[in-house]
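Biologist: I have a model open and would like to learn to read it. Please take me through it feature by feature.

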Protein chains: 2
Amino acid sequence: MASSWMSIPPNSPFSLSNIPFGIISTAPDSTPRPAIAIGPWALDLHVFASNKGFSHLPEITPHLSVFSSPTLNAFAALGRSTTSAVRTYLQSIFDENTPYPDILRGNPELRATALIHQSHVTMHLPFTITDYTDFYVGLNHALNCTRILRGIGSLQPNYRHLPVGYHGRASSVVVSGTPIRRPSGQILNPAAETPEVMFSACRKLDFELELGCFVAKGNAHGEPVPINEAESYLFGVVLLNDWSARDIQAWEMVPLGPFNAKNFATSVSPWVVTMEALEPFLVPSMERGRSVLKYLAEKRKANVFDINLEVDVTTPAGTTKTVCHTSGRHLLFSFPQMLAHHTVGGCPFNTGDLIGSGTISGADDPATFGSLLENTENGTKAHVFNEEERRTFLQDGDTVTFRGICGEGEYGLVGFGECQGKILPAVEFKA
Amino acid sequence: MASSWMSIPPNSPFSLSNIPFGIISTAPDSTPRPAIAIGPWALDLHVFASNKGFSHLPEITPHLSVFSSPTLNAFAALGRSTTSAVRTYLQSIFDENTPYPDILRGNPELRATALIHQSHVTMHLPFTITDYTDFYVGLNHALNCTRILRGIGSLQPNYRHLPVGYHGRASSVVVSGTPIRRPSGQILNPAAETPEVMFSACRKLDFELELGCFVAKGNAHGEPVPINEAESYLFGVVLLNDWSARDIQAWEMVPLGPFNAKNFATSVSPWVVTMEALEPFLVPSMERGRSVLKYLAEKRKANVFDINLEVDVTTPAGTTKTVCHTSGRHLLFSFPQMLAHHTVGGCPFNTGDLIGSGTISGADDPATFGSLLENTENGTKAHVFNEEERRTFLQDGDTVTFRGICGEGEYGLVGFGECQGKILPAVEFKA
């Protein structure tokens with residue numbers, strides 16, 4: 001395990017093995033710009049690139065303007081071989097045996113301007129997202145929902161044959177830290193004896209624990225992405241909270257799927273962990289019990305990530321309870337399979353498009369379930385925080401925090417940081 | 001009815017009453033730029049604005065750069081009062097009693113450079129579309145689908161309470177004239193006795209006759225658009241073909257809605273007919289049989305458009321049959337209601353976002369049904385073109401053409417022109 005000349009705390013999610021990319025701004029310079037995370041620091045890539053930081057990586061020289069862009073789209077569009085070379089180069093810059101000590105280690109002026117403590121940076125949405133698709137390939141989640149909401153133990157016939165998904169709303173994807181306004185809408189009056197439609201603030205506000213994957217390279221309209229090339233189209237992964245209004249969803253979703261129940265907000269963690277950083281944590285996806293059609297058949301066996309995932313809920317009084325521990329491995333299809341399926345009919349992708357995995361839940365144990373719908377059995381079993389505080393669904397002022405980290409030891413962790421959102425009260429309705 | 005000093009054929013869809021906006025390029029100048037249609041001509045607004053064409057409309061002076069933009073987004077974002085003033089001004093320029101004869105009528109040099117015959121222009125997608133939503137508020141279509149596919153005559157309980165819709169794929173919206181590649185994907189083998197999944201090119205390729213509406217003004221995240229302000233957020237209307245792969249759809253769509261069955265392509269007509277031009281053709285929407293919740297209650301009674309709509313299918317041999325005549329009035333909810341519903345939970349819109357109405361079908365008579373699924377009873381009753389040529393679903397080389405026009409007489413028509421697409425064979429599958 002390589003060490004750095006920087007002082008990186010042993011439990012940092014941003015070890016030298018990670019090098020995630022994000023978009024920062026600071027009080028002295030409010031222009032959003034690319035950065036990487038390294039320990040508790042951010043390296044401002046705009047400042048770094050402007051001060052000859054990349055002088056030992058000639059292939060990036062024609063493209064240095066990507067580090068002055070307010071999103072990662074231009075950088076990711078350079079393609080995986082280039083972005084991977086940038087990451088490897090930055091690892092070498094921070095390595096305790098760096099071959100280029102003149103660049104940063106021995107350059108206190110550049111260290112002073114380019115390295116900023118993360119407590120002094122504001123994080124922004126990492127990509128301009130033109131299309132967002134949310135899948136539903138967490139098999140345990142799908143089984144839990146079917147059992148809890150419909151009382152049956154079997155899924156629809158297509159479920160194990162293809163990655164089931166739906167188009168989401170790109171405009172409402174926000175970066176971690178953005179407050180989440182409780183949505184209002186049509187629900188069925190739970191107090192009515194016969195079905196009665198009413199307008200109400202959502203009474204069953206929930207989170208969904210997911211992984212999101214940003215696309216690096218697009219495909220032309222009409223040209224499917226072959227399954228065994230699909231991984232090279234992907235840039236990296238974030239934690240994703242698919243906020244869900246369960247009562248709005250129950251009323252609206254038949255027959256065309258969830259709509260206003262989901263499009264009020266989706267949160268993503270700000271640092272995008274690259275496919276390269278996650279590769280050591282690949283494990284086989286869940287047992288499917290049948291083969292897939294050829295256009296979905298990956299040569300590799302290990303295709304999903306063993307990421308330790310946790311969800312905390314913090315009440316307005318400041319009490320925190322961890323309501324879910326699980327792993328990113330509980331998925332039936334991989335991101336390359338989702339991309340291959342999504343494009344098999346010719347649907348075009350653009351750089352910065354976002355794919356959500358669907359909710360990730362472990363098997364059997366409610367403490368591993370990635371939504372309140374599941375781990376409270378649709379609000380019938382409350383989480384007990386203390387004598388005064390219980391939760392079925394989310395209340396105003398609650399904060400939900402996701403964490404994700406790969407690695408078991410104390411060093412070389414590859415983590416995501418946090419994906420957080422605090423619930424604001426619903427807006428008052430104006431006719 | 002105002003007349004023009006230009007020679008506009010009496011049956012032109014682009015009368016002086018219309019003035020639709022679009023994006024053109026030409027052989028001498030391949031840069032896409034805004035234009036209006038007037039009779040058989042396009043007025044190049046980049047050239048017009050650069051040559052003092054707007055000198056009698058001072059309020060547009062600070063914004064003339066919008067006419068050098070490759071899309072209508074910047075123009076539409078100026079807001080309805082400004083874009084409406086531009087349209088009214090352009091009507092006055094072309095009026096036979098124009099108060100400003102020096103601008104164009106008496107300016108042969110500008111006429112020669114700014115007026116281009118439409119046969120010499122290439123039309124482009126009018127807006128950069130960041131989000132696309134397709135509704136399903138054609139009540140007759142919904143009833144037909146339920147009857148044909150499920151053998152029942154009633155819709156799901158929510159149908160008359162809210163405009164049912166789903167998020168579509170913005171990246172695959174294309175302008176009329178773009179060829180449509182037949183999609184491949186998973187279908188159930190129709191020859192198998194027990195359900196058997198197979199990979200195949202779509203065998204049930206269909207069109208759906210819809211109207212699309214482009215959004216002029218966005219709303220902030222978390223702030224619903226009030227119903228009686230919603231019309232002012234809209235820019236204008238196009239014909240929209242929601243190409244549909246019925247066999248892919250049948251297998252994939254439960255429980256999260258249509259996905260690959262729709263995301264391979266959606267076509268729109270190139271000239272955007274403004275809300276102002278359509279206002280004289282407003283009629284009340286279909287009878288709902290119940291009241292709506294307050295957030296959907298429009299003060300006005302007339303809220304949908306009586307647009308005469310037609311669909312032609314032309315075979316590779318050149319035979320054309322009109323397979324549908326109907327009207328845009330067959331909708332249960334208006335575009336303002338769709339926008340108010342879509343934003344009621346706080347979902348943000350951006351300028352250029354696109355809303356589809358859902359398929360428009362008349363009642364009872366198959367000749368008024370807006371899809372082949374409906375007017376061939378799911379492929380069981382063929383359209384007879386002649387002794388050799390019949391169609392249930394679309395074959396390779398077929399061309400589908402939508403036309404839409406408002407007005408009964410010979411003058412002052414407000415039309416959309418055409419929305420057309422030709423079917424290309426499926427791509428050969430590469431593993």
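Biologist: In what order do the 5 strands of the open sheet in chain B run?

Modeller: Strands of a sheet pair through backbone hydrogen bonds, either parallel or antiparallel. Here the order is 9-26-25-20-21 in chain B, and the pairing is mixed. Strands are DSSP runs of E, at least two residues; helices are runs of H or I, at least four residues; both are numbered from the N terminus. Two strands pair if DSSP finds at least two bridges between them.

Biologist: Which are the edge strands?

Modeller: Strand 9 (180-181) and strand 21 (320-327) of chain B; each pairs on one side only. Elsewhere in the sheet, strand 25 (residues 399-406) and strand 26 (residues 414-424) of chain B pair in the antiparallel sense, over 8 bridges. Thr399(B) stands opposite Lys422(B), which lies in strand 26 of chain B.

Biologist: What ground rules apply to the numbering and the confidence?

Modeller: This is a predicted model: local features need pLDDT of at least 70, side-chain atom pairs count only at pLDDT 80 or more, and totals for chains, interfaces and linings use all residues. Residues are numbered from 1 along each chain as its sequence is written, chains are lettered from A and ligands numbered from 1 in the order in which they are written, and side-chain values use heavy atoms, with hydrogens and water left out.

Biologist: How many residues of helix 8 of chain A are buried?

Modeller: Buried means under 20% relative accessible area, exposed over 50%, partly exposed in between (1.4 Å probe, protein chains only). In helix 8 (residues 335-343) of chain A, 9 of the 9 residues are buried, so the helix is largely enclosed by the rest of the structure. Among them are Phe335(A), Met338(A) and His341(A). They pack against several strands of chain A, including strand 6 (132-135), strand 14 (234-241) and strand 22 (354-356). Helix 8 of chain B is also mostly covered, with 9 of its 9 residues buried.

Biologist: What rotation superposes chain A on chain B?

Modeller: Two copies of a chain are related by a rotation about an axis and a shift along it. Here the rotation is 180°, with 0.0 Å of shift along its axis and an RMSD of 0.0 Å. The two copies are thus related as by a two-fold rotation axis.

Biologist: Where is Leu256(A)?

Modeller: In the loop between helix 6 (246-252) and strand 16 (266-268) of chain A. Leu256(A) counts as buried, at 6% relative accessibility. Contact means heavy atoms within 4.5 Å. Beyond neighbours within four places in sequence, Leu256(A) is in contact with residues including Tyr136(B), Met253(B) and Leu256(B).

Terms used: Least-squares fit on C-alpha atoms with pLDDT ≥ 70 in both.
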